[in-house]
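Reader: I would like to learn how to read a model like this one. Please take me through it feature by feature.

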Amino acid sequence: MTDTSSALRIVWIYPDLLSTYGDQGNALVLKRRAELRGIRTETVHVLSSDPVPTGGDVYLLGGGEDRPQILAAQRLRADGGLKRAAEAGAAVFAVCAGYQIIGESFGDDADNPLPGVGILDVRSGRGETRAVGEIVAAIAPELGGGRITGFENHQGRTHIGPSARPLSTTVVGIGNDGQTEGAYQGQVLGTYLHGPALPRNPALADMLISWRVGQLAPLEPSWGERLHEERLNAALNA
Amino acid sequence: MSELPLRAQLASVLGKGAASLSRATGRGDGSVIGGRVALKVEPDLLSKLARGRRLALVSATNGKTTTTRLITAALRDLGEVATNDQGANMPTGHITALSRYPDARVGVLEVDEKYLPQVIRDTKPAVTVLMNLSRDQMDRASEINLLAKKWRDVLRTSETHVIANADDPLVAWAGLGAQHATWVAGGQRWKEDSWCCPECGGHLKRDPDPHWECPECGLRRPDASWAVDNASDSVIDPNGGALRLDLGLPGDANRSNAAIALATAAAYGIHPKQALPRLREIRSVAGRYTSVVTHGVEVRLLLSKNPAGWLESFAVLGPPDVPVLLSVNAQIPDGKDTSWLWDVDYTVLRDRRVFVLGERRTDLALRLETDGVAFETADRVDDVVARLKGERPDLTKVDVIANYTAFQQIRAAYGRVQ
């Protein structure tokens, strides 16, 4: 990576393995919301055949089917770059299969536990039923409160260990286990809201940016805020 | 029909009755209800109806209905062809189609991707045609790697002659399981679902396009005997001869569909030069690519249900001064999850007049805003066309791209145009 000390460096991990459904949206919206505030950005796509750079600001991991998920976890563990970056204070935002991968362990298709990257104290396994549909959750008060909405499509159930905390409390849908949704530990954050979770939750995108660059100037509400309201109302009134 | 056992004949007749009733009462085209009634009476009906016929099954994520129509047209010279041309592509629809054409010795059936293994087992098709696999309606469809594996498994134990696109790694891997295969270099514009080896997960080496191979396990693109050449609007046949296509349907995707149709016709003994004029006659398929004229403007309807389909539609848009209307719903047939909108690159629309419509227009609006595409929102296609014509009296064309139920709503508003 070139030296761009004043730019926000967005690193999308393994779009070839972990990009199931709209995961690109998270990188695009981080870039846009930073640039609207005059913050320069640089986005790097790291393929599974390449080393993970350690100088990024925000690392993004998307969803994936069972086999790509296992491969991605193996390659990330062998590479070590993501773990070093997270330990050095980078922000990590991981959805669905990516969320499971950054934990301590996750289940394969027969629910045998496999080791994760180990930067978030969660353990995931397979549930009895698949969680599919719109989800609404109330964000932990210490993260500023408010609600997140998204679409979940997974069979995972995730248990949060003592070093991590729930991202939110489930209002509609399943999330981790029907009680809580997602988890965070320092600046490492995981969620079952799959695909374009940041486009649908502009406040969450802003939180990740502010973790790296400090307090942000507010933006005029636009289509992101309208979509957030629309989906929230649709899910709560369904 | 007379060769069918009595119970199967009865089932078939009852099914046809239910289908007519459905059409007469305006509840539908009868394809699904007819098959359902018939299956109650004779659960083995599909196998029995298929017996003694030379069937071609056609499956893919995109282009199934169109390719089924092209192959059907190419095979007409063999006599009557049984086909499910209304797009009812599950076993109930196949039963209805085969019942409707009891004497047809040849049949071409569009098959839903998930049902393909079952329908291959039930109908023992002479030919199985496979074009592409990509992400589609993931809230209700199965993962495509899993789907490709199921295709591969059934093809390993089947006698069917596979005619498949060598340029789509997932499709090729499935087809490589078959005992007899004809490969067509049909191209692949959308590559986001095939960067990894279907066999071992390794990162595929994909250049020069369309070549692909896995550096880890050695799986590689099979050599193709037929090929599309988009630059010269031609298909290259197994003898190296170039056939100018000059189709009535637009775009590279339809050149690929036509190449597959010509290869399939050849498997039935029909020479490409004989088949090609039949393909050229087709200008729209169940409303797809059709144009309606309203307020003196030609409104062209393009159906696109997933990222790969939207990419193909963008590639056939008119010149930059042709406005484009995008309409998206998220009903059950569309998939209730609109995440896929983020897999499409909209920057190609930046210099065009764009309108967003449909039940999920807010999702589209945010997506376009993020890609820096200026747009306006609207409720109805007709309102937009009237307004545009008022602003620009010289306007002659607009393009509409819509996903499944949005497309059907627009089509219905124009009297279910074909």
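Author: Start with overall size. The radius of gyration is taken over C-alpha atoms, and the globule rule is 2.2 Å times the number of residues to the power 0.38. Chain B has 418 residues, so a compact globule would have a radius of gyration near 22 Å; chain B has 22 Å, which agrees. The C-alpha trace of chain B spans about 65 × 60 × 40 Å along its principal axes.

Reader: What kind of model is it, and how is it numbered?

Author: This is a predicted model: local features need pLDDT of at least 70, side-chain atom pairs count only at pLDDT 80 or more, and totals for chains, interfaces and linings use all residues. Residues are numbered from 1 along each chain as its sequence is written, while chains are lettered from A and ligands numbered from 1 in the order in which they are written.

Reader: How many helices and strands are there in chain B?

Author: Helices (H or I, at least four residues) and strands (E, at least two) are DSSP runs, numbered from the N terminus. Chain B has 14 helices and 15 strands.

Reader: How do I read a sheet?

Author: Strands of a sheet pair through backbone hydrogen bonds, either parallel or antiparallel. Two strands pair if DSSP finds at least two bridges between them. In chain B, 9 strands form an open sheet with mixed pairing, in the order E2-E3-E1-E4-E5-E6-E7-E8-E9. Its edge strands are E2 (81-83) and E9 (242-244) of chain B, each pairing on one side only. Inside this order, E6 (180-185) and E7 (226-229) of chain B run parallel, joined by 2 bridges. B:Ala185 has B:Ala227 as its bridge partner in E7(B).

Reader: Which strands of chain B form the open sheet of 6 strands?

Author: The order is E10-E11-E15-E12-E13-E14 (chain B), again with mixed pairing. Strands E10 (291-294) and E14 (376-377) of chain B each have a single partner strand, so one side of each is left without a neighbour in the sheet. E13 (354-357) of chain B pairs with E14(B) in the parallel sense over 2 bridges. There, B:Val356 is bridged to B:Thr377.

Reader: How do I describe two packed helices?

Author: Two packed helices are described by the angle between their axes and the distance between the axes. Axes are lines fitted to C-alpha atoms, for helices over the stretch in contact, and angles run from 0 to 180 degrees between N-to-C directions. Take H4 (64-75) and H9 (251-267) of chain B: their axes come within 9 Å and cross at roughly 40°. That makes H4(B) oblique to H9(B). Angles under 35 degrees count as roughly parallel, over 145 as roughly antiparallel, 65 to 115 as roughly perpendicular and the rest as oblique.

Reader: Which residues of H4(B) meet H9(B)?

Author: Contact means that C-beta atoms, placed from the backbone, lie within 7 Å. B:Thr66, B:Thr67, B:Leu70, B:Ile71, B:Ala74 and B:Leu75 of H4(B) take part. Their counterparts in H9(B) include B:Asn254, B:Ala258 and B:Ala261.

Reader: Where does H4(B) lie on the strands?

Author: H4(B) lies across E1 (54-59), E2, E3 (106-110) and E4 (127-130) of chain B, at about 170° to E3(B). H9(B) also packs on the sheet, and its direction makes about 160° with that of E5(B).

Reader: How many residues does each chain give to the contact?

Author: Chain A gives 31 residues and chain B gives 22 residues. Elements giving two or more residues on the chain A side are helices H1 (24-35), H2 (66-79) and H7 (223-236) and strand E8 (147-160) of chain A.

Reader: What does E8(A) pair with?

Author: E8(A) pairs with E7 (122-139) of chain A in the antiparallel sense over 13 bridges. One bridge partner pair is A:Val122 with A:Ile160.

Methods: Contact = placed C-beta atoms within 7 Å.
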